[in-house]
Amino acid sequence: MALHQFDYIFAIAMIFAFLDAWNIGANDVANSFSTSVSSRSLKYWQAMILAAIMEFLGAVLVGSRVSDTIRNKIVDIDVFSEEPAVLMLTMATALVGSSTWLTLATSIGMPCSNTHSIVGAVIGAAIAAKGGQNIHWGWNGVSQIIASWFIAPAIAGCFASIIFLISKFGVLEVKNPRTSLRNAMMLVPCLVFAAFAILTMLIVWKGSPKLGLSDLGTRTICGAIFGTAAVAFAVYMLFAFPFYRRKLVHEDWTLKWYDIFRGPIYWFKSTDNIPPMPEGHKLTEDYYRGRRYDEAGNLIDDNGRVESESVDGKSDSHDEISQEDIEKVQSINVQDKHVPTTKPQEKKHKFPRGFSKYWALAKESPKNWPFCILLVLTHGVRQDIITNQAGSKDMLAGNLAKMHTASKYYDNKIEFMYSLLQAITACTMSFAHGANDIANATGPLATVYLVWTTNTTASKAEVPVWVLCYAAGALVIGLWTYGYRIMANLGNKLILQSPARGFSIELGAAVTTVMATQLAIPVSTTQSAVGATVFVGLCNKEWKTVNWRMVAWCYLGWIFTLPMAGLIAGLLNGIILYAPSKGITYTMG
């Protein structure tokens with residue numbers, strides 16, 4: 001029997017579940033790709049596309065596995081058996097409390113745990129409805145989840161440190177450049193095998209029951225894991241290995257990124273006809289550009305020369321509107337063909353930072369509005385994250401130049417090999433994040449939907465595919481529109497990022513998330529990522545290579561999240577339930 005008298009509660013739950021998932025994308029997903037963007041392994045727009053794909057797939061294929069944990073491991077559902085509508089309201093107000101706090105935290109640039117937020121909101125709403133004695137405070141409930149918040153960063157940090165130290169002593173800090181490059185050529189394929197094994201493990205180990213993966217036997221699962229990793233290893237050796245060997249060892253400067261698809265040819269193609277590299281040509285990108293300083297604090301390139309343009313945080317090349325763009329729009333408005341339009345050479349039309357620049361252009365003519373709308377819609381994907389990070393002058397940033405200078409800069413050739421590997425691990429981490437954290441929105445929403453449609457409080461709430469798709473879509477929208485806000489506060493503002501460091505961070509955090517998903521524990525990927533970042537930073541054997549102000553800011557957000565979300569949800573639920581004339585009236589029948 002559907003509770004159509006409470007259609008409005010279901011509608012409210014839908015709205016705030018969308019907002020909750022939007023905040024997961026805007027606040028939490030930045031952790032998955034922040035290191036990749038901050039190390040220049042991926043451009044920002046590339047990261048956004050990959051994140052959208054992997055987060056959506058992770059949420060839809062695996063996300064239902066931990067959704068029940070949000071409900072059953074926190075509160076005793078049986079106490080609502082005679083009043084299902086109260087459970088429905090409790091989960092709806094939990095979504096309101098969680099999403100409200102996350103919106104506030106995201107707006108001030110505070111990285112916080114979405115898992116913390118929904119757990120605190122469910123606890124607060126449930127206490128308001130049935131009292132604290134019905135909360136599962138023991139190890140099989142809230143205590144286990146709280147413990148994971150402290151254990152997860154340590155576990156992720158240990159994994160990330162081990163992975164980075166293998167690369168550090170086996171490749172990065174080998175004094176002979178030729179030996180270092182040779183070791184990297186041998187180590188990276190092994191790391192590819194490990195990364196793909198972890199990704200496959202996450203899919204088949206605790207995959208969606210709808211795919212039938214939960215019925216696979218142990219031998220089949222092991223075969224799938226190692227078989228997929230072996231195929232990835234073979235593809236890497238067939239395409240990427242000969243490409244890297246020709247580009248880095250034989251220094252074929254004519255190769256483009258798409259030549260990697262011609263990899264098999266380079267196994268047999270002679271290296272005798274490679275033209276000499278022009279003087280001053282860079283074989284690879286400088287992955288430390290914009291974050292490399294001399295002893296005087298001047299921004300320098302990889303040759304030690306002072307760069308002509310320093311990062312001062314006052315301009316954003318990706319967010320400027322060129323005079324040429326403006327004149328293209330204005331040319332539409334020219335009614336008199338005899339009126340010439342001038343085109344200044346290399347001149348930038350600068351507006352005040354923020355959306356006021358779009359407003360200034362819109363005021364010039366109504367016909368500029370479509371272009372301005374396009375600028376607004378794409379604002380979130382046209383950000384220069386590294387400039388925002390390295391040029392930050394706020395109190396939390398501290399002295400970033402001093403912190404970056406205290407870290408070691410490694411050979412760009414080696415970092416180039418890790419850049420593709422980091423893109424793979426970023427996708428792995430993103431998939432794992434979608435699988436684990438989507439439960440923060442889908443768990444309560446699935447409960448509301450169950451009660452609304454069946455008027456029951458079953459211990460198992462099957463998460464419909466449309467709920468997973470709905471939340472995953474909201475997550476992707478949040479990432480694309482506002483993910484840059486939190487991403488700018490991570491990455492290079494925590495430690496000096498590079499592809500080798502970022503790969504270790506992402507793989508360590510991904511392993512931790514895989515373990516949590518296997519145990520059906522909704523751990524915080526935020527804490528896993530930050531813990532892994534701090535541990536890798538400490539591998540420099542210098543305390544000052546980590547921005548402890550930003551670490552404290554992150555922990556402050558984690559500490560406040562649970563009680564704040566709980567207070568909002570609890571107060572709201574209590575007011576609705578116990579208001580003399582506005583409470584819910586429920587009739588069995």
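Is D286 buried or exposed? Select D286 to start the tour: its relative accessible area is 10%, so D286 is buried (buried means under 20% relative accessible area, exposed over 50%, partly exposed in between, with a 1.4 Å probe and protein chains only).

**Before you go on**

This is a predicted model, in which local features need pLDDT of at least 70, side-chain atom pairs count only at pLDDT 80 or more, and totals for chains, interfaces and linings use all residues. Residues are numbered from 1 along each chain as its sequence is written, and side-chain values use heavy atoms, with hydrogens and water left out. Colour the chain by pLDDT, the predictor's confidence in each residue from 0 to 100: the mean is 80, and 83% of the residues reach 70 or more.

**Stop 1: salt bridges**

A salt bridge here is a side-chain nitrogen of Lys or Arg within 4 Å of a carboxyl oxygen of Asp or Glu. R292 is buried too, at 10% relative accessible area. Select E173 and K168 to see a bridge of 3.8 Å, N to O; K168 is buried at 2%, whereas E173 is partly exposed at 27%.

The structure holds 8 salt bridges. Pick K130 and E83 for another, at 2.6 Å from N to O. This pair links distant parts of the chain, 47 residues apart: K130 lies in helix α6 (residues 114-130), and E83 in the loop between α4 (67-72) and α5 (84-107). Helices (H or I, at least four residues) are DSSP runs numbered from the N terminus.

**Stop 2: a nonpolar patch**

Show the surface of W45, I49, I53, L57 and W480, which make a nonpolar patch of about 460 Å². Helix α3 (residues 44-62) gives the most to this patch, with 4 residues. Patch residues have over 30% relative accessible area and no salt bridge, and nonpolar side chains (Val, Leu, Ile, Met, Phe, Trp, Tyr) are joined within 5 Å. Click on I49 in α3: at 37%, I49 is partly exposed.

**Stop 3: helix α17**

Select residues 439-454, helix α17. Of its 16 residues, 13 are buried, so α17 is largely enclosed by the rest of the structure. Just after α17, look at N455, with a positive phi of about 60 degrees.

Finally, select residues 309-353, where pLDDT stays under 50. Where pLDDT is low, the predicted coordinates should not be read in detail.

Notes
Contact means heavy atoms within 4.5 Å. Helices (H or I, at least four residues) and strands (E, at least two) are DSSP runs, numbered from the N terminus. The expected span of a helix is 1.5 Å times one less than its number of residues. Patches are made of residues with over 30% relative accessible area and no salt bridge: like charges are joined within 9 Å, nonpolar side chains (Val, Leu, Ile, Met, Phe, Trp, Tyr) within 5 Å. Accessible areas come from the Shrake-Rupley method with a 1.4 Å probe; for residues, only the protein chains shown count as cover.
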